[in-house]
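Subject: Structure handover

Hello,

Here is the structure you will be working with. Please open it first, then read my notes below.

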Amino acid sequence: MKSTEDRKVAEWSKEEVLADFRLANLSRNLSIIGRKEVLSGRAKFGIFGDGKEIIQIAMAKQFRNGDWRSGYYRDQTWMMAMGLYDSMQFFHQLYGNTDRDLNPGNGGRVFNNHFSVPNINADGSWKDLTKQKNSSSDISPTAGQMPRLLGLAYASKLFRQNKELHKFNTLSVKGNEVAFGSIGDASTSEGHFWETMNAAGVLQVPMAVSVYDDGYGISVPKKYQTTKGSISEILKGFETEGERIGIRIFKGKGWDYTGLLKMYETGIDICRREHTPVLFHIEDVTQPQGHSTSGSHERYKSEERLKWEQEFDPLRKMREWIIKSGIATADEVDRVVADADSEAKESRKKAWELFQNPVKTERDALVKIINQRSCRCSEEVKESTVDEFTDELKKVINPIRKDNFVTARKMLRNVCGSCEKSGNLKEELEGWLKRNYMDAHKAYNMFLYNETPTSVLNVKPVAPVYTENSQEVPGRQVLRENYDRLFARNPLLVTFGEDTGHIGGVNQSLEGLQKKYGELRITDTGIREATILGQGIGLALRGMRPIAEIQYLDYLMYALQLLSDDLATTHYRTAGRMVAPLIISTRGHRLEGIWHSGSPMSMLINSVRGVYVCSPRDMTRAAGFYNTLLEGNDPAIVIEPLNGYRLKEKMPENIGEFRLELGVPEILNPGEDITIVTYGSTVRVAQEAVKHLEAHGISAELIDVQTLVPFDRKHLILDSVRKTGRILFLDEDVPGGTTAYMMQEVLEKQGAWQYLDSAPKTLTGKEHRPAYTTDGDYFSKPSAEDIFDTVYAMMKEAIPEKY
Ligand SMILES: Cc1ncc(C[n+]2csc(CCOP(=O)(O)OP(=O)(O)O)c2C)c(N)n1
Ligand SMILES: [Mg+2]
């Protein structure tokens with residue numbers, strides 16, 4: 001095929017042009033009908049891609065198998081042009097259909113126009129990513145797609161430059177894949193955008209970003225968003241100038257079909273061949289229906305702007321061009337438009353039925369149970385109440401499952417359980433609820449974690465082995481030797497972060513390994529936590545095994561938004577169809593001062609459910625977690641104890657091989673009088689306190705929970721409380737933080753409250769962050785003396801005659 005550049009307009013295939021025009025019209029019709037569906041109450045919310053159709057059709061032509069997308073909610077036409085989305089799926093998403101086969105993009109977990117393409121099979125094995133067009137899963141926070149996009153592009157660089165990876169030919173064809181991104185003009189105001197562009201320029205990766213510049217971010221115009229009102233103008237400093245390589249910038253117009261085709265062909269070719277980042281600034285973009293169904297754009301666009309948008313509507317412009325250039329007649333064009341129109345209407349009808357039918361079937365089964373009840377015993381069953389409920393249920397015009405469940409549950413309160421077996425209303429209702437709750441659970445609650453056989457919870461543990469000759473070495477050396485084995489074994493493993501490469505980490509746990517395994521595998525990055533995380537997410541989605549290093553736990557906050565919004569929701573928002581098994585390695589707890597000794601574990605566990613949280617007490621435990629995590633496909637954070645790198649540990653003989661099970665606490669000191677539950681750096685403090693308690697006749701059972709999420713899967717702590725009748729939850733988080741979480745797990749979930757002889761207690765750090773110096777630490781975090789006194793007081797209260 002001739003390149004677009006060389007083609008004369010007259011040579012263009014009429015079929016291709018008309019197919020493009022049909023798709024643009026179909027997409028537009030979907031947007032228009034979609035908005036009506038929301039305004040009429042059938043759908044809850046809608047956000048559409050009207051005005052952006054032609055850009056996306058042009059871009060999609062350059063998207064090849066193996067390429068990746070990281071975009072946003074305007075991309076419906078792009079997804080359709082790639083064959084990854086259709087008019088039926090459009091409505092399934094709009095209604096929130098939870099059938100994963102009908103709505104594979106998000107299974108009803110996210111609102112409409114949030115897409116994805118599975119990267120794993122049902123058994124958790126990787127798909128052949130080179131044989132499909134790939135899309136990472138969209139998130140709503142503006143510019144949240146950017147850091148992940150960097151990682152998707154970075155993977156191509158590694159697959160191309162590291163020859164050892166060429167054999168992984170179902171993940172990449174020697175790194176020839178482009179990562180395509182899209183973003184709105186206003187979202188380029190976000191830090192994520194700038195951090196990503198800078199990192200992409202530094203790293204030189206095949207990342208192709210399109211900015212759809214429609215002049216507004218909801219109601220706020222460009223003059224409040226962008227310096228000089230032009231993103232391509234202000235990115236000029238990033239632009240490649242001869243030998244000074246940066247990013248390449250192209251400009252196009254949102255209505256200019258042929259211009260866009262040429263621009264994307266040229267730009268993507270450069271991006272793919274040269275592995276250099278490319279930015280397409282698309283101006284003159286319209287938004288015919290305004291931002292979303294939440295309001296109308298007449299409120300903030302001038303008459304003049306509205307008129308301009310009509311005139312420069314890409315569909316109108318394309319129609320004019322087709323007719324003027326003689327590709328097709330007005331009649332032919334109109335037939336295409338009519339055809340697209342009827343497909344959109346037809347799909348709406350069919351998709352609505354597919355959405356409603358299961359709800360109605362569920363409702364009918366419920367009504368049948370009620371109508372066929374034998375329960376007529378008027379004292380117990382209030383007949384009028386029952387009829388009132390069913391009447392109300394039947395009156396609902398657009399029923400949803402909630403209506404059925406509310407009715408069934410209210411009904412249950414009003415019926416007796418003593419009628420004859422067949423037609424016993426209580427029993428039948430309970431059966432109905434149980435069956436349908438199981439189904440609703442699958443639709444709305446499953447897949448927070450990987451639930452396939454590749455879950456890390458299925459990884460078999462292997463104990464560390466020691467002999468009489470096992471040496472005592474500083475903790476960092478255990479990690480280093482362990483990493484050495486891991487890097488030798490798995491070519492897909494990479495680690496990167498601030499100071500990770502050349503010096504081997506601020507604590508030298510990777511010392512000398514860059515020299516041994518190369519800069520592509522053990523890599524220094526800029527100071528940019530959010531994109532370090534994004535880099536990891538993108539690599540993980542593409543089947544690599546990244547360990548993203550965040551230098552200190554306190555600085556994880558820069559990446560927390562993505563950790564929470566993107567990584568932690570990956571399984572959940574794709575209804576279990578995508579994995580991003582990224583390991584985040586960081587270090588925290590006790591050191592010195594406000595920003596190097598934090599232990600904000602409750603911040604983590606409460607915002608990153610979906611990511612496992614490991615809090616090892618020493619480096620042997622940390623290594624054991626890395627070894628386990630690399631055998632499964634879940635994302636996880638490992639927080640190494642900051643003050644443990646120099647402390648001596650025994651080097652296991654089976655370094656690199658031993659594996660620690662997630663969610664299994666370890667009893668470090670068996671005891672009879674009280675259970676002390678803790679984790680991380682506080683373990684060592686507690687061990688000291690336990691010795692002193694022993695000397696005063698108190699036998700404390702010390703338990704290291706090891707991982708906070710998952711928490712004590714085998715309920716070992718419950719067994720301990722059964723024995724001791726007392727419990728203290730200890731850590732250096734804030735009061736009411738992780739100790740409260742552990743307390744809820746043990747007392748409420750495990751039911752340990754029944755075995756308590758004393759009130760349960762928590763001992764934590766102070767509310768403020770820890771002050772500087774050893775004294776700052778002593779007066780900010782629990783000490784061995786604090787633990788001793790707390791436990792002693794508990795014992796004294798219980799047995800005053802003895803203590
Ligand atoms: C972090 C964040 N802040 C605010 C919002 C609310 N919001 C959603 S879309 C949007 C405007 C985005 O405008 P632009 O990037 O130009 O994209 P467009 O919708 O115009 O295509 C805003 C403010 C959000 N989703 N995320
Ligand atoms: Mg905009």
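Start with ligand 1. It has 17 residues around it, and Tyr72, Tyr73, Arg74, Asp185 and Ser187 come nearest. A residue counts as near if one of its heavy atoms lies within 4 Å of the molecule. By class, the shell holds 6 nonpolar, 7 polar and 4 charged residues. Here Ala, Val, Leu, Ile, Met, Phe, Trp, Tyr, Cys and Pro are nonpolar, Asp, Glu, Lys and Arg are charged, and the others, Gly among them, are polar.

Before you go on: this is a predicted model, where local features need pLDDT of at least 70, side-chain atom pairs count only at pLDDT 80 or more, and totals for chains, interfaces and linings use all residues. Residues are numbered from 1 along each chain as its sequence is written, chains are lettered from A and ligands numbered from 1 in the order in which they are written, and side-chain values use heavy atoms, with hydrogens and water left out.

Now look at the oxygen atoms of ligand 1. A polar side-chain atom of serine 187 lies 2.5 Å from one. For a polar side-chain atom of tyrosine 73, the distance to an oxygen atom of the ligand is 2.7 Å. Alanine 186 uses a polar backbone atom, 2.9 Å from a ligand oxygen. On its own, ligand 1 has 580 Å² of accessible area (Shrake-Rupley method, 1.4 Å probe). The protein covers 71% of that.

Lining residues have an atom within 4 Å of a point. Volume is the space filled by probe spheres set on the points, which are joined across faces, edges and corners.

The largest pocket holds about 1200 Å³. Its lining has 44 residues, and Gly96, Thr98, Phe355, Arg401 and Tyr444 are the closest to its centre. The lining divides into 22 nonpolar, 10 polar and 12 charged residues.

There is 1 cavity of 30 Å³ or more. Which residues line the largest cavity? They are Tyr72, Tyr73, Ile139, Ser140, Pro141, Thr142, Ala143, Gln145 and Ser187. That makes 5 nonpolar, 4 polar and no charged residues.

Best wishes

Technical notes
Polar contact = N/O pair within 3.5 Å; in protein donor to acceptor, adjacent residues only side chain to side chain. 1 Å grid on protein atoms, 1.4 Å probe; cavity = no way out; pocket = protein on both sides within 12 Å on 5 of 7 lines; lining within 4 Å.
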